[in-house]
Amino acid sequence: MVFRTIATSVALLVGLAVVGSVAGPTWDPVPVTDHLEPASSDTTVHGADAPGVTTGEIGDHAVRTTDVTIELDGATVHGLVRQPLDADGQVLTDRPGVVFVHGAGTGDAAEAFVDTAELLASAGIVTLVPDKRLDTYSTRDRDYEAMAADYARSVAFLRGTDGVDPDRVGLYGESEGTWIVPVMQARDPSIAFTVLVSAPVVPPREQAAYAVDNYLRNTGVPGQVFRAIPRAVGMQLPGGGFGYADFDVRPWLERQSAPVLVVYGTADPSMPIEQGARLIVADTAVSPDDAPVTVRYYGGADHGIRLRDLPPDGPNGEYPLHPDFPRDLAAWVQGLPATAESPPQIAGATPDQHYLAAPVPRPRWWGNGDVVVAVVVAGTGLVVLALAAWGVAVLARRLMGRRGGVTGRRFAPGVAAPLVTLGLAAIATVVALALYLLVVARLALDYERDALLVQGGWVAVRLLGVVAVVAAAILLQRVTDRRSRRRSDRDVVLADGAVAHLTLWAVLVGSASLLVTLAYWGVYQLGI
């Protein structure tokens with residue numbers, strides 16, 4: 001009996017491993033072999049001291065902050081203008097201006113870019129941080145070209161602000177904002193410059209897969225988990241939407257006609273920091289107009305060019321900016337056009353991108369997220385409802401003094417225990433997998449490692465999955481044995497009564513769908 005159980009369990013595990021392997025794409029990112037080598041470790045922007053160029057330094061000026069309202073097409077947003085003042089408290093004149101374009105997850109001008117905008121203003125640059133328009137922006141739906149049109153209203157507003165030289169107004173985009181900024185500059189060539197901070201460059205779907213891969217590697221998850229990356233990122237997500245996932249900014253980069261400053265932190269795991277710089281340099285060179293690119297890497301800085309190894313000290317409890325970043329940014333903006341092509345083009349700490357961001361393989365059979373969710377919900381529902389109905393029938397039998405779900409035996413001896421175990425273990429494994437992924441996501445986003453949770457949690461999920469498979473093996477043996485005996489003994493039945501029959505088949509079908517789903521997401525990987 002034990003040998004048969006082991007053999008059947010192994011056969012089922014191998015079968016699930018094969019199904020999991022062939023049901024969707026694998027994940028095999030290409031390593032970076034040709035690394036960028038900055039010409040200098042010094043990020044100082046040269047050219048700002050050229051004859052005729054006047055630049056201020058961080059802290060040279062007091063700053064006046066003014067609340068403003070910006071009219072958009074069909075909406076209004078609040079904004080904050082920060083202006084440098086002279087020794088008499090008057091607004092400086094003929095100053096360059098910068099409009100800040102938000103990344104994902106930011107929206108309030110009072111909380112976004114606070115220290116960067118303040119520091120730039122203290123050096124002599126007028127800054128405008130508008131609120132992000134949120135009535136047309138959600139996780140599921142966003143339109144980068146429409147967002148560019150909204151932010152263009154902020155550019156027009158800043159050009160008309162006292163003390164601003166309208167011919168020297170440019171853009172600062174961070175993260176998701178760097179998909180918007182090139183659209184704005186291509187549409188309005190009079191935008192004087194663009195600053196691309198932590199730019200993904202590749203489409204959002206490719207960047208998401210790249211970021212997840214890096215986060216998982218940094219967190220130390222087992223190799224089996226990586227197979228889920230293309231299956232989750234590559235599929236059509238449940239509920240539809242997410243059309244922006246394949247937005248391609250590179251045709252817009254090819255139309256750039258103004259100087260570009262590209263900035264990355266070497267400790268940013270979410271962006272392809274070498275590949276992104278290469279693509280920007282290559283794409284902007286396509287334009288017949290002059291769009292010189294300057295690239296700076298800041299050692300130890302994260303996605304926001306902040307140093308996480310220092311205590312938070314920002315106005316909103318943020319980690320401090322890399323001290324050289326605002327200095328270099330202020331010098332580059334104020335020194336234009338002299339700073340646009342001042343060597344070295346690439347400087348700073350040496351970046352180390354391990355894998356290329358690339359197109360994400362699309363699932364074949366399970367490419368529709370609605371189907372994936374429906375299978376899990378339906379499988380879980382079948383098991384829960386069936387076991388609940390059986391429980392009610394058992395309770396009713398006891399209260400009424402009757403035998404069986406309706407009459408006679410409920411299940412043949414030895415069938416009920418593995419059936420219930422199979423159903424509950426399948427559900428428990430699905431729940432455990434979901435909780436495990438949530439824990440890993442939290443650790444990854446917090447840049448933390450916990451071997452006990454990451455490695456031990458995965459072992460626990462897989463052990464629960466094995467329990468379900470062993471229960472299925474035992475049940476399969478009991479069913480086979482009972483069917484063999486029925487040929488000679490008509491009184492031997494697997495289930496007696498409608499409730500028992502429905503429970504048996506509902507749990508079998510529901511559990512099978514859950515086990516196949518778990519195999520798809522890698523729980524039963526055996527190196528196949």
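The lining of the largest cavity divides into 6 nonpolar, 2 polar and 4 charged residues. In this classification Ala, Val, Leu, Ile, Met, Phe, Trp, Tyr, Cys and Pro are nonpolar, Asp, Glu, Lys and Arg are charged, and the others, Gly among them, are polar. The model is predicted: local features need pLDDT of at least 70, side-chain atom pairs count only at pLDDT 80 or more, and totals for chains, interfaces and linings use all residues. Residues are numbered from 1 along each chain as its sequence is written, and side-chain values use heavy atoms, with hydrogens and water left out.

The lining residues of the largest cavity are L72, V77, P130, D131, K132, R133, T136, Y137, M147, D150, Y151 and S154. Helix α3 (residues 144-159) gives the most to this lining, with 4 residues. Helices are DSSP runs (H or I, at least four residues), numbered from the N terminus.

A cavity is a set of points on a 1 Å grid over the protein atoms alone where a 1.4 Å probe fits but cannot get out; a pocket is an open set with protein on both sides within 12 Å along at least five of seven lines; lining residues have an atom within 4 Å of a point. Points are joined across faces, edges and corners, and a volume is the space filled by probe spheres set on them. The structure holds 3 cavities of 30 Å³ or more.

| Space | Volume |
|---|---|
| Largest cavity | about 100 Å³ |
| Second largest cavity | about 40 Å³ |
| Second largest pocket | about 270 Å³ |

W27, P29, E206, A209, Y210, D213, Y355, L356, A357 and A358 line the second largest cavity. That lining has 8 nonpolar residues, no polar and 2 charged.

The second largest pocket has 13 lining residues, and L12, L422, A472, L476 and L508 lie nearest its centre. Of the lining, 12 residues are nonpolar, 1 is polar and none is charged. Helices α1 (2-22), α12 (451-486) and α13 each supply at least two of the lining residues.

Helix α13 also contains A500, which is buried (under 20% relative accessible area, 1.4 Å probe, protein chains only), at a relative accessible area of 1%.

Note on methods: Buried < 20%, exposed > 50% of the residue type's maximum accessible area, 1.4 Å probe, protein only.
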